[in-house]
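Subject: Structure for you to look at, with notes

Dear colleague,

I am handing over the structure below, and my notes on it follow. Please read them with the model open beside you.

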Amino acid sequence: MTGPAITLMLVAIVIIWGGLAVSVTALVVRGRREDKEARAQALAVAREHLRHPEDSGQGH
């Protein structure tokens, strides 16, 4: 293989693996953010239920 071909191959590998690393990192960050938002929403619903249990629609 010639020098330019090896250089091109190495650059392509770095670009591909770099893109993969960025994608995985973005998905992990997004998952944590969505999990945090879901927990906050569930906590708000639970607090509201504790404040007004008669409004829960359970038919007690």
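Before the notes, one term: a helix here is a DSSP run of H or I with at least four residues, and helices are numbered from the N terminus. Please also keep in mind throughout that this is a predicted model.

Overall form

The protein has one helix and zero strands, and the helix, α1, covers residues 3-51. Along its principal axes the C-alpha trace spans about 80 × 15 × 5 Å, and the radius of gyration is 25 Å, whereas a compact globule of 60 residues would have a value near 10 Å. Two pairs of residues give a sense of distance along the chain: Ala12 and Arg51, which are 39 residues apart in sequence, have C-alpha atoms 59 Å apart, while Ile13 and Arg30, which are 17 residues apart in sequence, have C-alpha atoms 26 Å apart.

Exposure

Of the 60 residues of the protein, 0% count as buried, and the accessible surface comes to about 5500 Å², with 66% of that area belonging to carbon and sulfur atoms. Ala12 lies in helix α1 and is partly exposed, because its relative accessible area of 33% falls between the 20% and 50% cut-offs. Ile13 also lies in helix α1 and is partly exposed, with a relative accessible area of 39%. Ile16, again in helix α1, has a relative accessible area of 60% and therefore counts as exposed, the cut-off for that class being over 50%.

The nonpolar patch and the annotated span

Ile13 and Ile16 both belong to a nonpolar patch on the surface, whose other members are Met1, Ile6, Met9, Leu10, Trp17, Leu20, Val24 and Val28, and which has about 1000 Å² of accessible area together. The UniProt record, an unreviewed entry, places the feature "transmembrane region" at residues 6-29. In the model, the span of residues 6-29 is 100% helix and 0% strand, and its end C-alpha atoms lie 35 Å apart.

Salt bridges

How many salt bridges does a search of the whole structure find? The search finds two. In one of them, Glu34 pairs with Arg30, with the closest N and O atoms 3.1 Å apart; the two residues are four apart in helix α1, which means that about one helical turn separates them. Glu34 is partly exposed at 38% relative accessibility, and Arg30 is likewise partly exposed, with a relative accessible area of 44%.

The other salt bridge joins Asp35 to Arg39, where the closest N and O atoms are 3.4 Å apart. Asp35 and Arg39 both lie in helix α1 and are four residues apart, about one turn of the helix. Asp35 counts as partly exposed at 42% relative accessibility, whereas Arg39, at 52% relative accessibility, counts as exposed.

To draw the notes together: the protein has one helix and zero strands, with a nonpolar surface patch that includes Ile13, Ile16 and Trp17, and with salt bridges that link Glu34 to Arg30 and Asp35 to Arg39.

Technical notes: Residues numbered from 1 in each chain as written. Predicted model: local features only at pLDDT ≥ 70, side-chain atom pairs only at ≥ 80, totals over all residues. Heavy atoms only, no water. Patch = residues over 30% accessible without salt bridge, like charges linked within 9 Å, V, L, I, M, F, W, Y side chains within 5 Å. Areas by Shrake-Rupley, 256 points an atom, 1.4 Å probe, with all protein chains shown as cover. Salt bridge = Lys/Arg side-chain N within 4 Å of Asp/Glu carboxyl O. Buried < 20%, exposed > 50% of the residue type's maximum accessible area, 1.4 Å probe, protein only. UniProt positions renumbered as here; feature names shortened; annotations may be inferred. Rg over C-alpha atoms; globule rule 2.2 N^0.38 Å.
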